[in-house]
Structures are given as C-alpha cells and as structure tokens.
Amino acid sequence: MIKRDADTSEEDDYEAENRGTILPVFYFISNAVSGFLRSWGCLKGSEMLNVPPPQSFPAAGSQQRVAPTGQSRNKVALKPGHSLLDWIRLTKSGRDLTGLKGHLIEVTEEELKKHNTRDDCWTCIRGMVYNVSAYMDFHPGGEAELMRAAGIDSTDLFDQVHRWVNYESMLKECLVGRMATTKLNPAPQVETEKPGSTQLNGLSVPPPMRLEPSAVPLPVKDHRPRYDWFQTDATVNIVVYTKRKIPSSGCAVVDLQNDTLRVEMLLGKISYLLHWRLSSEVQESVDVQTARSVGKVQVCLRKSVQTKWSQVGEPLEHHDSFIQCKDRGLFYRECVLVSKTEVTHNTQVLRLQFPAGSCVQVPVGRHVYLKTSVQDTDVVKPYTPVDQTLMSSTQSSAEMGSNIHLMIKVYPDGMLTPHIANLPIGASLSIGGPEGSFTLRVLRDVTHLYLLAAGTGFTPMARLIRLALQDFTLIRTKLMFFNRQERDILWRSQLDELCTKEERFEVEYVLSQPVDSWESRTGRIDTEKLKDFLERPNNSKCLVCVCGPAGFAELAVQLVRQLDFSEEEIHVFQG
C-alpha cells in the first residue's frame, strides 16, 4: 500500500483560501473554543474539539487522498460568495438556519429519516442533530458528498473523513436538537480535557466515551521503553530508556504546565507516555538531554524548594503507556513569534519559541498544527517544520526542541496566511502535535532517494534531505523541484550550495512559466522527465517521496507507478 502522510503544502492554498475549492473541511476551524465553551457550556476545559488523528488526515477515501490509477478526483468548485469566511459570516448574521425559529427539540430516529432531501437535510453527529441544508453550497466536498449523511446518524462517515473538524463550532447555528435515543460513538478527546458537565445550546450533550488505547502487541523480546528517576537536593531527573537508537532529529516531547508533567517519546508509529501531577513545585523550565547511540533521554526538573520527594508524582491518564501514536490526543502549547525571515517574494520562515517548560523535538516527516484566532474564530492548519538552514549546523541536545521553524506561503486575499504574516514579533500562536505517520523505517536499506516536490511541497523534503546526508551514508538523494517561476524557488541558493558540497545530492529545477533566458527544464511533470530522473541501478533499493498540490501528487504517483515502481517504494506527503 502506498505510504501517505499529512503534510502542509500551501501551493494550492490560493484555492483553499480564495477561490473556494477548499479541500474537504481539512483546513479548518474551531470557533474560539474558549468563548464557545463559555457560551454553550460544551466540553469545559478542552482547548479544542475533535483533534486530528494522524492516520486519518487525510482519511482513506477522502478527496484529499491521491486517487488510485485511473480514478478521477471529485473536486468541487464552490460558487462565488460561498467560501469558508462567507459561511462564518452567514452563521453570525442572525439568520434562522434550523427552520425551528430558535426552538430545540428531541428528534426520534423516525423523524430524522424524514429530513433527507437537498432542501431539508438533517443529520446526526454524536447524538446531536443538525439541519445542514444551508451548508450544502458551502461544503467543499460538494452536495453529493454531504447528501450521504442525509437523514441518518453520520458519525461514522464524519469520522472517516472529517474527524478532527470542530463541527460543534461550524454547525452550532444549525443545531436542531438532541436524538431521543442514539447509539453513542466515541469522540476523539484532547488529553488536556477536564471532566465537567457538557451542554450545547442548552441541551446536555451525550457524555463522550474515551477510546481505550489499542495496546501494542509486544514481541517475545520486550522492546517496551522503561523509565527510572533519581533526585539531588536541587533537581528531579526522569530517565527514559527507549531501547532503540534515537535519530538526530530527536524523539522527545516534554511539556511542563503548572504542576503537570507530560513526557512523550515518539518511536516510529508508537508513542510512550509518562504523565504525572508532580509531588511538589518546580521551576518552570525543563532541561532535556539525549544520548542518541544508547537510546536514552533524561529530563531534568529544578525543585522550587529543596525537599526530598518520595515519588515523582501522582500518575495521570495513560501514564506509562505504550500505544499507537494515532490513539493519542493532540496537545497544544502557547509559543511566541521570535522572528520572520523572507525566503521569496511571498514566502516566509517563522521562528516560534516554545515556552520554557516545553521541549518539542519533531521527528523528520512529521507535522504540527498551528492554531490562531482570526476574526474571533480559531483557525487550525498543519505545517511541516523546516530546519533553520539546509546546511549542517551544530545544535546541542539541550537546544534542540526549544524553537520551531515554519515555512509559510502568504496569499494576499487569504483568511489565514495574511493574518500570520502580519503578526508582530512577540505575538502568541499555539502549536499542537507533532503528528504524522512517516517513520525512518521506510529508509532502511534504501540506496537511492528520489524527491518530487512542487511549491511548498518542498517543506517535508528539506529535513529529509538533511537527514539522508547526515544519518544514512549510503543514500544518494535527488530532488526534482517544480515551480511556476524562478523567483518561486525556495531556498535555491542553499540547494545549489548543497549540491556543490555534497556529492550524494543533486537537484533539478523545473519551471512551468519560465522566462526566455531559463536554460533548465520547463513544463510540468510527465513521463519523459521522470524516465531520465528515476534511475534504478542494479542491486539498488529506491524510495520515491512526493509532495505538492493534490493534482500534482496524484499525477506524480500515477507516472511513478507506470515506471514499475511498487507501492512500497512510494511515500506521499499529502498537501
């Protein structure tokens, strides 16, 4: 099966932000949850509702997926005046979107079934019924996709495609009422959620059921990580033994918030979590040291009062658990915008600093979720971090994880990116994650790594190039980089410098709108270009990674398949 991962390419965000061909609700929104929770009493204490599981973004069958060979993608162009921002305006206009003039009712299954037409479309998600008739023309997946949910409990359908979307916020003005009887489906939970009564528009919401984490079957030899701790007069130290070599990008995600400590090790597709309410007060900063070769991570806390601890603290939910990463909730922390660096005429690299109590080491190929408030609405967007530079630099174990760099393309008429670009230095942004399914296992025994990138689909490739050159001495890496014009090429001078210094790296640029003086490749991705580029020497093992706009990625995969590359030899970072 072709390996896929959620990514952050904004190359087609012009469509997502401006023309209205927004990819099915993956871009999106949570209405300022703090205000929403105060107003509607819904899931008090949550930072955000319905966070994305990494394996489901995009979900199988989603229109954001690369379609199998021969199948076309059902992209829907929305009418003018039907963008995401237009929908937000409509919900705030005071118009009755339910048809019930503000009354809330209990809905039986028989009643729900009656409302199954385009102009009278009700659906149930987790026990709450919504009239989505008004949303038909705003739905990025089109009317036919939304009509699949007409007159039924669509919770399972929703989870397959839109599981992380904050539908309570998007559809709160469409709320008809609560199902009289319903089979509850568990909702994804945020790990920071606190218990409390839940209400929506005055109705109690069926209590969410937390999914029990799926235990990872252990082999005969127990590869489960373990931990120990020790203290001095001034410090408390937690030592995690991962029992595997740690990559140069690290694997530790540590968050100290008030009296709660969360230590997570991202080990491929598996997550090992330690979670305590600490025994005593500590200073707000943490120090994380990694011994890569022996797989050891040490977290040092500084005591506020030099007393002896009898234990680290009270174990909290999922403490000392070893489960699939996709079963974890999404955890956010507030970051500060430290700097902006221009890359091209419309692209910037933002440097964000994590709080003193956080250390976030993002594995190569993983993405994070950037959340900020735009017009009183929380907007969430995934981005793949880049390093500060493509060139080698020395960074101590302690420094790693204190900052994050996001490469963001800005569209003047967009909703999210102009807001981010105009933020002043010192502004706050929330970062959730990291998440994603890419693991270094796919690089095992690879001799030839081929990267096909378009626009900001370059972002996951940037760290992958550096990783291949530093940690995998046998891999030869080639990048084919597609852009419209020469001025759009990201980090070109660094790519050229890297080619000069590293004999195991090559780059080819392809422009679709070149000037007459351009001497390199032109046009779009096609079989002839790939035949020359994708060499397969004898006794080689190849991996082809693809990232860019959806149309580019789909065509690239089809062409690579036609050149007899197997599905196991292709990894798609979804844009």
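Predicted model: local features only at pLDDT ≥ 70, side-chain atom pairs only at ≥ 80, totals over all residues.
**Salt bridges**

Let's begin with the charged side chains that meet. Across the whole structure, a search turns up 27 salt bridges.

| Acidic residue | Basic residue | Closest N and O atoms |
| Asp137 | Arg118 | 2.6 Å |
| Glu535 | Lys478 | 3.9 Å |

Take Asp137 and Arg118, whose closest N and O atoms are 2.6 Å apart. Asp137 sits in the loop between β6 and α5, while Arg118 sits in the loop between β4 (116–117) and β5 (120–125), so their bridge ties together parts that are 19 residues apart in sequence. Is Asp137 buried, partly exposed or exposed? With a relative accessible area of 26%, Asp137 is partly exposed. Arg118 also comes out at 26% relative accessibility, and counts as partly exposed.

Now for Glu535 and Lys478, with 3.9 Å between their closest N and O atoms. Here the two ends are 57 residues apart in sequence: Glu535 is in the loop between α11 (527–533) and β31 (542–547), and Lys478 is in strand β28. Glu535 is partly exposed, its relative accessible area being 42%. Lys478, on the other hand, has a relative accessible area of 9% and is buried. Why does Lys478 count as buried? Because buried means under 20% relative accessible area, and Lys478 has 9%.

Arg561 counts as buried at 18% relative accessibility, whereas Glu567 is partly exposed at 34%. Some bridges also share partners: Lys79, Arg118, Asp119, Asp137 and Glu143 are joined this way into one network.

**Aromatic pairs**

Next come the rings. The structure has 9 aromatic pairs. One of them is made by Trp87 and Tyr135, an edge-to-face pair with 4.8 Å from centre to centre and 65° between the planes. Which parts of the chain does this pair link? Trp87 belongs to helix α3 (residues 84–91), and Tyr135 to the loop between β6 (128–131) and α5 (143–147); these distant parts of the chain are 48 residues apart. Trp87 counts as buried, at 1% relative accessibility. Tyr135 counts as buried too, at 7%. Phe138 joins in as well: ring pairs link Trp87, Tyr135 and Phe138 into a cluster.

What about Phe458 and Trp491? Both are buried. Their ring centres are 6.3 Å apart and their planes are at 85°, so this pair is edge-to-face. Phe458 lies in the loop between β27 and α9 (459–471), and Trp491 in the loop between β28 (476–483) and α10 (492–501), so the pair ties together parts that are 33 residues apart in sequence.

**Charged patches on the surface**

Which residues gather in a patch of negative charge on the surface? They are Glu109, Glu110, Asp153 and Asp156. Asp156 is part of helix α6 (residues 155–162), and its 47% relative accessibility makes it partly exposed.

There is a positive surface patch as well, formed by Lys269, Arg441, Arg444 and Lys541. Look for Arg444 in the loop between β26 (428–435) and β27 (448–454). Arg444 is partly exposed, with a relative accessible area of 47%.

Most residues other than glycine have a negative phi, and most peptide bonds are trans. Gln375 has a positive phi, near 50°, and is not a glycine. You'll find Gln375 in the loop between β22 (367–374) and β23 (377–383). Asp564, also not a glycine, has a positive phi of about 70°. Asp564 is in the loop between α12 (550–562) and β32 (570–574), and at 67% relative accessibility it counts as exposed.

Last, a peptide bond. Gly433 and Pro434 are joined by a cis peptide bond, with omega about 10°. Where is Pro434? Pro434 has its place in strand β26.

Methods: Residues numbered from 1 in each chain as written. Heavy atoms only, no water. Patch = residues over 30% accessible without salt bridge, like charges linked within 9 Å, V, L, I, M, F, W, Y side chains within 5 Å. Areas by Shrake-Rupley, 256 points an atom, 1.4 Å probe, with all protein chains shown as cover. Salt bridge = Lys/Arg side-chain N within 4 Å of Asp/Glu carboxyl O. Lys, Arg positive; Asp, Glu negative; His and termini not counted. Charge placed at Lys NZ, Arg CZ, Asp CG, Glu CD. Helix = DSSP H or I, 4+ residues; strand = E, 2+ residues; numbered from the N terminus. Buried < 20%, exposed > 50% of the residue type's maximum accessible area, 1.4 Å probe, protein only. Phe/Tyr/Trp six-rings, centres within 6.5 Å; stacked < 30°, edge-to-face > 60°.
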